[in-house]
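Please look over the model shown here. This briefing covers how its chains meet and which side-chain pairs stand out.

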There are 2 protein chains.
Amino acid sequence: MQRFCTLAFVLGLILMIFGLTYALPIATSIYFDDGMTEHFLRGMSLNIGVGGLLASVTMQFRGDVKTRDGYLLVAFFWLLMASAATLPLMWGIPGLSFTDAFFETMSGFTTTGATVLTGLDSLAPSLNLWRHELNWIGGLGIIVLAVAILPLLGVGGMQLYKAEIPGPVKDSKLTPRITETARLLWMVYVAYTLLCIVSLKLAGMSWFDAVCHAFSTLSLGGFSTHDASIGYFDSPAIELIITVFMMLSGMNFATHYTALHNISVKPYSLDPEAIPMLGIIATTILLCSFYIWHFDIYPDFLSGLRYISFNTVSLATGTGYSSTNYEVWPAFIPWLILFLSGVTPCTGSTGGGIKLFRALLLWKQAGRELFSLLHPHAVNPIRIGHTPIANKIIFAVLAFIFLYFISIVLMTFTLMFTGMDPVSAFSAVMACINNTGPGLNTVGPAANYAHLNDFQTWLCAITMLLGRLEVFTLVVLFTPTFWRK
Amino acid sequence: MQRFCTLAFVLGLILMIFGLTYALPIATSIYFDDGMTEHFLRGMSLNIGVGGLLASVTMQFRGDVKTRDGYLLVAFFWLLMASAATLPLMWGIPGLSFTDAFFETMSGFTTTGATVLTGLDSLAPSLNLWRHELNWIGGLGIIVLAVAILPLLGVGGMQLYKAEIPGPVKDSKLTPRITETARLLWMVYVAYTLLCIVSLKLAGMSWFDAVCHAFSTLSLGGFSTHDASIGYFDSPAIELIITVFMMLSGMNFATHYTALHNISVKPYSLDPEAIPMLGIIATTILLCSFYIWHFDIYPDFLSGLRYISFNTVSLATGTGYSSTNYEVWPAFIPWLILFLSGVTPCTGSTGGGIKLFRALLLWKQAGRELFSLLHPHAVNPIRIGHTPIANKIIFAVLAFIFLYFISIVLMTFTLMFTGMDPVSAFSAVMACINNTGPGLNTVGPAANYAHLNDFQTWLCAITMLLGRLEVFTLVVLFTPTFWRK
Ligand SMILES: [K+]
Ligand SMILES: [K+]
């Protein structure tokens with residue numbers, strides 16, 4: 001019982017702090033005079049009030065959260081924040097159901113960026129900013145999750161990254177580790193965000209759009225203030241800037257930190273994922289650019305290259321912006337780049353999917369097995385970079401990928417069971433579990449998730465959380481073992 | 001060099017023996033007077049002649065095939081047989097290209113049962129019998145492959161089944177093991193085939209159709225003498241008989257042998273795959289029958305149950321017969337039963353896919369990982385039945401499944417690259433790699449593979465072989481390690 005009160009205390013604190021983030025939409029609302037000020041003020045008060053009440057009631061139980069309760073903390077953090085954040089949306093958009101609002105905020109916090117809202121261009125600015133801010137806060141959470149919490153919990157082989165963060169903390173308790181790691185990496189995240197805002201402004205965006213899109217770029221969330229997404233701006237400069245920042249955000253922020261700290265690019269070459277990621281993206285862009293050139297969809301090779309580059313980077317990093325309706329392209333391209341969103345983002349980035357290191361590890365394991373068919377007695381450890389990987393980690397990674405795969409199969413069949421067509425169902429699950437955003441067909445880049453019924457909407461929202469919490473973190477809560485003793 | 005001559009000798013012998021199998025279509029052709037006698041006689045002479053020549057030239061190198069050359073033997077066996085078997089088809093069907101003929105014979109030998117031929121009902125009986133005989137011979141080959149050769153080579157964790165066959169042979173040379181194991185299991189296969197022929201005849205088929213369909217049932221090949229497949233007969237009795245024999249063929253023939261040998265059903269309860277397989281099939285049939293009942297497609301629950309049962313067992317075991325165009329059903333059902341063809345067939349059966357024991361092992365590995373997240377120091381070996389499974393085997397299985405998955409992804413994208421639509425491309429790859437036969441959409445149960453261009457046809461034929469040889473056996477031939485020294 002005491003454990004749960006300790007958890008409640010932490011969640012109460014977080015809820016209070018989250019209340020502070022309402023300041024930004026409140027300021028926006030006042031500036032644009034869009035009539036939402038009252039809603040956000042009410043939301044802020046409720047957050048701080050309820051959070052404060054929870055924290056003060058459980059104050060006597062404050063203390064360190066045990067490792068095992070990390071699973072609960074993480075799951076409740078995302079559920080609670082997403083629930084709380086629905087209030088301004090429901091108050092501000094008449095007729096929006098809780099289901100749809102929860103989908104939208106969960107999509108924001110998990111940096112999925114799928115939307116059930118149409119008419120974004122005419123939405124109150126403060127509500128749009130709110131959506132983008134959720135993306136950005138989600139990104140903060142993910143960095144902590146990926147670099148500090150999951151390695152500690154040992155989810156899906158992430159213990160590999162346990163000792164990698166520079167800093168003095170080698171503790172097994174959650175709190176000090178989170179604090180220290182978060183501080184360092186958040187600094188990078190904030191700095192890049194500011195740089196992105198300024199760059200987008202210089203490229204011609206309004207300050208408002210620059211802030212919103214920097215929020216959803218750095219978090220790889222992919223929300224936009226326009227139904228046409230980045231296609232609205234029709235600006236090669238903006239596309240280029242966003243492309244660069246999406247690539248940066250798809251890499252490990254610990255690598256960025258080390259590189260900035262040492263003023264050196266060497267950390268990127270030591271990062272076992274950075275170069276493979278660039279390689280995958282570059283190969284895909286080249287292949288698809290030549291492929292689409294062959295179809296004469298664009299007047300010349302360079303126009304094709306422009307659209308292919310942006311949308312490939314956007315999907316492969318799991319951002320989910322679009323600069324054109326890429327579904328009119330031959331099906332090979334949209335499917336390929338949607339598939340990439342599952343494998344390309346690096347560990348410790350704000351991206352989703354299985355993460356590149358797991359894909360690399362799987363690849364090497366298959367190679368090792370081929371080799372050992374011919375040399376059954378040779379010892380041949382798998383290495384990532386120069387580190388030999390323990391069997392324990394390989395097992396964890398393989399089990400992770402299997403559970404991820406099972407989730408995709410189960411969720412796809414469940415959506416099909418509810419009557420969704422196979423392409424929409426499968427692509428929606430891929431887009432949600434990889435936190436990408438747009439799928440294909442009825443949930444494609446030219447459409448959105450508004451037409452889903454309530455059950456389908458909940459399924460997709462759960463799938464986003466499942467992907468964001470790397471499957472195991474959520475699934476473990478449903479095992480009897482977790483609740484025993 | 002000597003190795004290759006030894007191999008050539010074995011292949012020459014096999015080609016000669018294969019020549020003898022032309023006797024059946026020759027007899028059929030004479031009986032029906034369908035004008036194909038000459039073609040089959042010529043084919044027979046060529047096989048025996050070329051095979052005899054090859055064997056006599058390499059006679060001096062005869063001896064035991066080394067384990068490592070088993071990979072080459074297996075790959076060349078399937079390629080050589082499929083190539084040789086095209087001759088009667090090309091001579092007998094004017095205008096049939098080698099590509100299409102090879103697809104058809106490879107589909108036969110791998111017991112895939114996908115066809116490029118339309119107008120089966122009016123095809124010369126001896127040609128139809130030939131197709132079905134290829135299915136049946138393929139089944140013979142698969143039993144040897146799965147129970148004697150793959151375990152010896154150690155492909156994908158199959159070494160688990162190394163010691164399981166009753167019999168005196170514990171040798172590490174290929175030849176005696178094959179001979180002894182094959183003899184025992186082939187007896188069961190032949191006995192079941194005869195039983196199936198008689199049952200189908202009693203249920204109202206002609207002797208010709210009974211023989212053909214027994215051939216393609218026991219081998220889980222799924223070729224039919226009618227474009228409408230089993231739907232042509234519209235007979236519940238025939239469907240029931242075929243359903244029973246498909247289920248039997250989807251199980252381990254070693255279990256059948258032990259059960260028959262001991263006159264006991266206990267071996268089935270000791271077989272770690274038999275009961276899960278029945279469970280999966282029964283659950284699917286119940287679920288889908290109620291689902292389709294809800295849609296009012298059939299007048300009553302029992303009619304739905306009839307069609308669901310037959311087509312579920314047909315797809316789940318990887319046979320690929322259809323008793324109706326199940327693609328008019330809600331997409332959930334055809335996709336589910338197509339998916340099952342990848343996991344349901346048991347080791348040592350004539351089915352394809354990853355085999356049930358690998359799926360079970362993966363499932364248990366994921367469960368173990370979940371458990372060890374909460375109890376990091378507990379030792380918790382995976383067991384299949386009562387046997388604890390060594391890490392080495394688990395790694396092999398996981399690598400196998402990954403390579404299988406990679407193959408599906410690569411082949412699907414390649415087919416899409418050639419312009420095939422995503423549903424046809426993915427389902428064709430699933431249907432070919434799992435040796436099921438019909439896919440969905442343009443390669444669905446109401447269509448066939450005739451409209452594929454040459455490149456697509458070759459890709460599908462390779463995919464069948466890849467699936468049949470459990471991926472590794474074929475892929476290993478393309479590694480530099482294999483050819484070194
Ligand atoms: K996203
Ligand atoms: K088949």
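What follows is a set of short notes, grouped by topic.

This is a predicted model. Chain B and chain A bury about 4400 Å² between them. A rotation of 180 degrees superposes chain B on chain A.

**Symmetry**
- Two copies of a chain are related by a rotation about an axis and a shift along it.
- Here the rotation is 180 degrees, the shift along its axis is 0.0 Å, and the RMSD is 0.0 Å.
- That is the relation of a two-fold axis.
- Both copies use the same surface: 100% of the contact residues of chain B recur in chain A.

**Interface: extent and make-up**
- Chain B puts 48 residues into the contact, and chain A puts in 48 residues.
- Of the area buried between chain B and chain A, 81% is on carbon and sulfur atoms.
- In chain B, the residues that lose the most area to chain A are Leu373(B), Leu374(B) and Phe395(B). Together they account for 16% of what that side buries.
- Several helices of chain B each supply at least two residues to the side that touches chain A, among them helix 12 (274–294), helix 15 (356–374) and helix 17 (422–433).
- Helix 16 of chain B gives the most to that side, with 15 residues.
- By class, the side of chain B that touches chain A has 37 nonpolar, 7 polar and 4 charged residues.

**Aromatic pairs**
- Over all chains, the count comes to 76 aromatic pairs.
- One of them joins Tyr22(B) and Trp130(B). The pair is tilted, with 45 degrees between the planes and 4.5 Å centre to centre.
- Tyr22(B) sits in the loop between helix 1 (2–20) and helix 2 (23–32) of chain B, while Trp130(B) is in helix 6 (residues 125–153). The pair thus links distant parts of the chain, 108 residues apart.

**Salt bridges**
- The structure holds 14 salt bridges over all chains.
- Arg131(B) and Glu104(B) form a salt bridge through their side chains, at 2.9 Å from N to O.

Conventions. Residues numbered from 1 in each chain as written. Chains lettered and ligands numbered in written order. Predicted model: local features only at pLDDT ≥ 70, side-chain atom pairs only at ≥ 80, totals over all residues. Heavy atoms only, no water. Least-squares fit on C-alpha atoms with pLDDT ≥ 70 in both. Contact = heavy atoms within 4.5 Å. Buried area = accessible area lost by both parts, 1.4 Å probe. Helix = DSSP H or I, 4+ residues; strand = E, 2+ residues; numbered from the N terminus. Nonpolar A, V, L, I, M, F, W, Y, C, P; charged D, E, K, R; others polar. Phe/Tyr/Trp six-rings, centres within 6.5 Å; stacked < 30°, edge-to-face > 60°. Salt bridge = Lys/Arg side-chain N within 4 Å of Asp/Glu carboxyl O.
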